[in-house]
Amino acid sequence: MYGPQGFYRRPEGPAGHFRTSVHASPLFAGAVARLLCRVDEALGRPATLDLVDVGAGRGELITGVLAALPAEVAARTRAYAVELADRPAGLDPRVEWRAELPEGVTGMLFANEWLDNVPVDVAEVDATGVPRLVLVRDDGTERLGEPVAGARARWLDRWWPLPAEEGTRAEIGLPRDAAWASAVAAVRRGLAVAVDYAHTRATRPPFGTLTGFREGHETPPIPDGSRDITAHVALDACAEAARTATSAAAAADARASAPLLLTQRTALRALGVTGARPPLALASTDPAGYVRALAGAGEAAELTAPGGLGDFGWLLHPVGIPDPLAG
C-alpha cells in the first residue's frame with residue numbers, strides 16, 4: 001500500500017478513488033475545528049495547542065481545519081500531519097509533515113479513516129468448525145492456513161466469537177487496538193478521536209468486511225498496490241485497548257471522561273451540523289444566501305445520513321479533560 005508503486009503513493013491520492021467526509025463538504029473540517037476549540041477551552045487555552053491529523057492523505061482535513069479556526073486559536077495552533085506518503089506540494093507551511101506520531105500532545109489528535117487501513121489478520125471457520133487464518137497470494141487467491149491460536153484466539157473469543165459454521169469470518173483487530181492505544185498514549189492532555197467504518201460486538205458482520213476500492217467502485221481485495229484494501233473497525237475493542245494507554249496522572253484526573261463511542265450523525269449534530277433546511281422566507285429577502293444555505297443543508301444531510309456517512313463510528317478518548325461534546 002505504501003511501497004514505491006503503492007496505492008497511497010499514487011499521484012491522484014485516495015480522493016481519486018473514493019469519497020470521504022472530508023471530501024464531501026467543508027462542513028466536516030468546520031466541525032472538527034469547533035471540536036478543537038472546545039478542547040482548547042477545556043485545556044485553559046494553552047500557549048501552544050497541538051492538532052495532529054493521523055492518516056492525513058494529501059492534507060485536506062488539516063488544511064480545512066486551520067482555515068476554519070478563529071484567528072486567535074489558529075495563531076496558537078501547532079499542526080502535524082502524520083502520513084507515510086510524501087508531503088504534497090503547496091501544503092500550508094504551518095503544517096509539519098511527518099511519518100511518526102509526535103509525543104506529548106496537548107490538544108487534539110484526529111484520525112479520520114486511518115484505522116481501517118491498519119492491516120489485520122482474517123480468520124475463517126473450516127469444515128470442522130475450527131477458525132483458521134486466511135492466507136492470500138499476490139493475485140488475491142486465498143487458502144486456509146493454521147488454526148487461530150494465542151493472542152489472536154483470545155481476541156476472537158472476547159471481541160468477535162465465531163459460530164462453528166463453515167465460511168463465517170472475522171477480522172482480528174489486534175493491530176488496530178495497538179495502533180489506537182499508541183495514538184492515545186501520545187496525548188498528554190486533550191482529546192484523541194478516531195472516525196471510521198465501524199461495528200461493535202453486537203453487530204459484527206458474519207462474513208467480515210474485507211474489500212477493495214478503486215476508481216469509486218468496490219473491487220476484490222487483491223494486494224497488488226492498484227487499489228485500497230480496507231476492513232471495518234471494531235472500535236469497541238480499540239476503546240478498551242486505549243483505556244490503559246493514558247498516563248496514571250491523566251487517568252486519575254477527576255475531570256477526565258471515559259471513552260465515548262457514538263455515530264457521526266450524533267457527533268456532528270452536537271457540533272452544529274444538523275442538515276436543517278433554511279427558512280423559505282430567506283429566499284425572498286436574500287436569494288443568494290438562501291441558495292448557499294440550501295447547499296450547506298444538503299452537504300450536512302450527506303454527512304449525517306443514516307445508512308451512509310452518518311453511520312460512521314466516532315471514538316472519542318478524553319485525556320485529562322471532560323467530555324468536549326457534553327453541554
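Helix α2 (residues 26-42) and helix α3 (residues 60-68) pack at an angle of about 65 degrees, and their axes lie 8 Å apart, in a model that is predicted. The axes are lines fitted to C-alpha atoms, for helices over the stretch in contact, with angles running from 0 to 180 degrees between N-to-C directions. The crossing of α2 with α3 is right-handed, a term that applies if the near helix is turned clockwise from the far one by less than a right angle. On the side of α2 the contact (heavy atoms within 4.5 Å) is made by F28, A29, G30, V32 and A33, and on the side of α3 by L61, G64, V65 and A68. These residues divide into 7 nonpolar, 2 polar and no charged, where Ala, Val, Leu, Ile, Met, Phe, Trp, Tyr, Cys and Pro count as nonpolar, Asp, Glu, Lys and Arg as charged, and the others, Gly among them, as polar.

Residues are numbered from 1 along each chain as its sequence is written. Because the model is predicted, local features need pLDDT of at least 70 and side-chain atom pairs count only at pLDDT 80 or more, whereas totals for chains, interfaces and linings use all residues, and side-chain values use heavy atoms, with hydrogens and water left out.

Helices (H or I, at least four residues) and strands (E, at least two) are DSSP runs numbered from the N terminus, and the expected span of a helix is 1.5 Å times one less than its number of residues. The table sets out two helices.

| Helix | Residues | Number of residues | Span, first to last C-alpha | Expected span |
|---|---|---|---|---|
| α2 | 26-42 | 17 residues | 25 Å | 24 Å |
| α6 | 174-185 | 12 residues | 16 Å | 16 Å |

Buried residues (under 20% relative accessible area, with exposed over 50% and partly exposed in between, for a 1.4 Å probe and protein chains only) occur in both helices. In α2 they are F28, A29, G30, A31, V32, A33, L35, L36, C37, V39 and D40, and in α6 they are R176, D177, A179, W180, A181, A183 and V184. The cover over the buried residues of α6 includes β4 (105-112), α5 (150-159), β9 (187-196), β14 (233-234), α7 (235-242) and β16 (313-319).

Just after α2, G44 takes a positive phi of about 80 degrees, and R45, which is not a glycine, has a positive phi of about 55 degrees in the loop between α2 and β1 (49-54). Most residues other than glycine have a negative phi. E113 likewise has a positive phi, near 50 degrees; E113 belongs to the loop between β4 and β5 (121-125) and is buried, with a relative accessible area of 12%.

A24, in helix α1 (residues 21-24), is buried at a relative accessible area of 8%, and its C-alpha is separated by 7.7 Å from that of E302, 278 residues away along the chain.

For the chain as a whole, there are 11 helices and 16 strands, and buried residues make up 48% of the 327 residues. Among contacts between residues at least 6 apart in sequence, 72% join residues at least 24 apart. The chain exposes about 14800 Å², of which carbon and sulfur atoms supply 55%, with areas from the Shrake-Rupley method and a 1.4 Å probe.
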